[in-house]
Amino acid sequence: MAEAAENLPPIEELFNPHSPEYLDNPVPQCLALTRRAPIVWYEPWQAWIVTRMPDIMACWKEEPLSSDFYDWEFAPPRPPEDEWSNFERAMIGHSLLADHDHHRLVRRVTAPAFSRNVVDAIQAKIEPDVQRLFDELGQPQTFDYKAMIAEHIPFISITRMVGIPEKYWPDIKQVIMTFTAAWNPTISDEERQSAREDSNRAIDIIKQVIAERRAAPEQDDFLSTLLKIEAENEKFVEGDIVTLILALIGAGSDTTLVAQQWSVYALLKNDRDQIAKALASPEAFSNAFCEINRWGVSSKMGFARYAPRDMEFMGQQLRKGVMVLMMPHLKDHDPEYYDNPEQFDVEREFNPDVMFGYGPRYCIGAALAKRQLYLTISELFRRFPNVELAEEPERDADDHNAVVFKRLLLKTNV
Ligand code: HEM
């Protein structure tokens, strides 16, 4: 339980997600933070951290804070409208990340594009690509799952989901890899500028794809669905389509790559009877994935929000622009939250299930993410039923956002 703050060492002495100790085992640090107080000032990041689930859920649901990166006190200045490049036009003008009312409108009108049958259709399109990846891999004695399989999956799923034709794949591949960097608060101005230029190139390609699709017959992909939605809703315009596609790229790339690595690692590191249970059906995997994520505690930063004005929040006075981080992963090995938190049990019940967020900003790609993981991991165990970890993977200290592996070497035993 929380003690009087004046008797305790500064929190940065107990909690540092960039320390080797956190990479090795984040649990003691997460518990130290959550035991400190419901909201904690974290000097190194100049940010408040919300540490407990009821407050995080309320914050997710009621949205008292802003999700707009440009509201952050250390964000680059918001340029005047007549100087906007494609990047600002897409990210500020119509941003899914900005104004709450417009965000809700975009989510409401685009909901049909994420329905179950659309995800089924997308899965059918991704499946041959996954097969092809494993065919190209062949039957090696050992291989790096991260480089050979995991790193290809986000690109394949997002381009297939959106409906970006294969002729654009080489051009867009590079820009997708660097796009997310534009939103990383820790990069230098030069790196951000280069990520911004890549984003501009990505936007040009997306606009070209949209123009071609307008002239072509409708297809059963996300883009055609969005164009239909645009025709029926005067407040949903082409800029929203571009923003949404960028949001899918930004939010769906790193997350999937991390999830791929931890899914394979967790299933191979624990009792083998968990594998069959996890892969029994897409629904079983959906639950297993919550457990994989809980057991792994891969998150470092959590989810950022910004104070839109000087305001009071959870009993603290927030200055305008200050960052507030929500850290739902702090609970993941907390015995006050989960029974036997050290035990890996893919049939554990999650209620509420908050892996993909909660409320108005609940993850758009949740169904797709779980399906693409199920598809790929099932294929791994179908092709290599006796696969094992070839070594304990070394963790990569350079990733600012998540605990990830430098490589994930597997022994196939074929
Ligand atoms: C395992 C992988 C994934 C995890 C764990 C995950 C988790 C989350 C979480 C927790 C949020 C809420 C963030 C917040 O409140 O600040 C979120 C939002 C979002 N996710 Fe995912 N996600 C994953 C994969 C994907 C994929 C594959 C896509 C797209 C294809 C995607 C698209 C989005 C978008 C667009 C948002 C913002 C929604 C909004 O602001 O309305 N995610 N995700």
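Predicted model: local features only at pLDDT ≥ 70, side-chain atom pairs only at ≥ 80, totals over all residues.
Residues are numbered from 1 along each chain as its sequence is written.

**Exercise 1.** Find which residues of the largest nonpolar core touch the most other members.

*Solution.* Recall that such a core is a set of buried Ala, Val, Leu, Ile, Met, Phe, Trp, Tyr and Cys residues joined through C-beta atoms within 7 Å; buried means 20 or more other C-beta atoms within 10 Å of a residue's own, with C-beta atoms placed from the backbone. Among the 64 members, look for Tyr145, Met161, Val162, Ile245, Leu248 and Val264. Next, helix α13 (residues 254–269) supplies the largest share of this core, 9 residues; helices are DSSP runs (H or I, at least four residues) numbered from the N terminus.

**Exercise 2.** Work out which helix gives the most residues to the shell around the ligand.

*Solution.* Start with the 22 surrounding residues, of which Ala251, Gly252, Gly357, Cys363 and Gly365 are the closest; near means a C-beta atom, placed from the backbone, within 6 Å. Elements giving two or more are α8 (153–162), α12 (238–252), α13 and α16 (366–383). The answer is α12, with 4 residues.

**Exercise 3.** Describe how α10 and α11 are oriented.

*Solution.* The axes, lines fitted to C-alpha atoms over the stretch in contact, with angles from 0 to 180 degrees between N-to-C directions, come within 11 Å and cross at roughly 75°. Therefore α10 is roughly perpendicular to α11, a label for 65 to 115 degrees.

How values were computed
Buried ≥ 20, exposed ≤ 12 C-beta atoms within 10 Å, placed from the backbone. Parallel < 35°, antiparallel > 145°, perpendicular 65-115°, else oblique.
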